[in-house]
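Subject: Structure for you to look at

Hello,

Here is the structure I promised. Please open it alongside this note. My findings follow below.

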Amino acid sequence: MHGVFHFFIGLIVGLILYGLGVLNLGLFLIFVMYSFLIDIDHLFFFVWKKGLNFQEWIWLHKSLYRRKEAQPYLFHTIEWQVVLIVLSFLGEVFFVLFLSGLLHVFLDALVHYLYHRNFHWLRRWSWICVIMDK
Ligand SMILES: [Zn+2]
């Protein structure tokens, strides 16, 4: 899903949570920022797969995006969500990151489902499943 769309959905949901008094201003800003900056993990994946070759990143991104091919992007994995839930006991900011990330991942999952019409790709969003499938 496009980053601009993620930003606006994050902004709308963040405004609702802010309006309901669930988020203060600082947590609202964190919620909105994380709702689209979470996709920075794609860059980590590109560096892991292609090194620092920017042209290869563009090619890989276009190729994966066109086929809606799921990859184990760090912040999209179930393992990362578990880490955020555990860290939530240390501070509310981690729970806000979890909620914002959950919104983002849900929207990405919706796009993947509408394209593939199955959930087979979901195993790619788990490092454990990716390792077990090798
Ligand atoms: Zn994403």
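**Phe-45 and helix α3**

Phe-45 sits in helix α3, which covers residues 41–50. Keep in mind that this is a predicted model. Is Phe-45 buried, exposed or partly exposed? Phe-45 has 18 C-beta neighbours inside 10 Å, so Phe-45 counts as partly exposed. Being buried would take 20 or more. Leaving out residues up to four places away in sequence, Phe-45 touches Gln-71 and Tyr-73. His-6 is 39 residues from Phe-45 along the chain. The C-alpha atoms of these two residues are 20 Å apart.

**α1 against α2**

Next, the helix pairs. Helix α1 (residues 3–19) and α2 cross at roughly 155 degrees, and their axes come within 8 Å. That angle makes α1 roughly antiparallel to α2, because anything over 145 degrees counts as such. The crossing of α1 past α2 is right-handed. On the α1 side, the contact uses Gly-3, His-6, Phe-7, Ile-9, Gly-10, Leu-11, Gly-14, Leu-17 and Tyr-18. On the α2 side, they meet Phe-28, Phe-31, Val-32, Ser-35 and Phe-36. By class, the residues of this α1 and α2 contact are nine nonpolar, five polar and no charged.

Phe-28 belongs to helix α2, residues 25–37. Phe-28 has 18 C-beta neighbours inside 10 Å, so Phe-28 counts as partly exposed. Setting aside neighbours within four places in sequence, Phe-28 contacts Gly-14, Tyr-18 and Leu-23. Glu-69 lies 41 residues from Phe-28 along the chain, and 31 Å separates their C-alpha atoms.

**α2 against α6**

How do α2 and α6 cross? They cross at roughly 35 degrees, with axes that come within 8 Å. α2 passes α6 in a right-handed crossing. From α2, the contact takes in Leu-27, Ile-30, Phe-31, Tyr-34 and Ser-35. Their partners in α6 include Glu-92, Val-93, Val-96, Leu-97 and His-104. This contact of α2 with α6 has nine nonpolar, four polar and one charged residues.

**The core**

Which residues have the most contacts inside the largest nonpolar core? They are Phe-31 and Val-96, in a core of 14 residues. The biggest share comes from α2, with five residues. Not counting residues up to four places away in sequence, Val-96 touches Leu-23, Leu-27, Ile-30 and Phe-31. As background, nonpolar side chains tend to be buried together in soluble globular proteins.

**α5 against α6**

The last pair is α5 and α6. Helix α5 spans residues 78–87 and helix α6 spans residues 92–116. Their axes are 7 Å apart, at an angle of about 150 degrees. That makes α5 roughly antiparallel to α6. The crossing of α5 past α6 is left-handed. Gln-81, Leu-84, Ile-85 and Leu-87 in α5 meet Phe-94, Leu-97, Phe-98, Gly-101 and Leu-102 in α6. The contact of α5 with α6 divides into seven nonpolar, two polar and no charged residues.

Best wishes

Notes. Residues numbered from 1 in each chain as written. Predicted model: local features only at pLDDT ≥ 70, side-chain atom pairs only at ≥ 80, totals over all residues. Axes fitted to C-alpha atoms, helices over the stretch in contact; angles between N-to-C directions. Helix = DSSP H or I, 4+ residues; strand = E, 2+ residues; numbered from the N terminus. Parallel < 35°, antiparallel > 145°, perpendicular 65-115°, else oblique. Left-handed = near helix turned anticlockwise from the far one by under 90°. Contact = placed C-beta atoms within 7 Å. Nonpolar A, V, L, I, M, F, W, Y, C, P; charged D, E, K, R; others polar. Buried ≥ 20, exposed ≤ 12 C-beta atoms within 10 Å, placed from the backbone. Core = buried A, V, L, I, M, F, W, Y, C linked by C-beta atoms within 7 Å.
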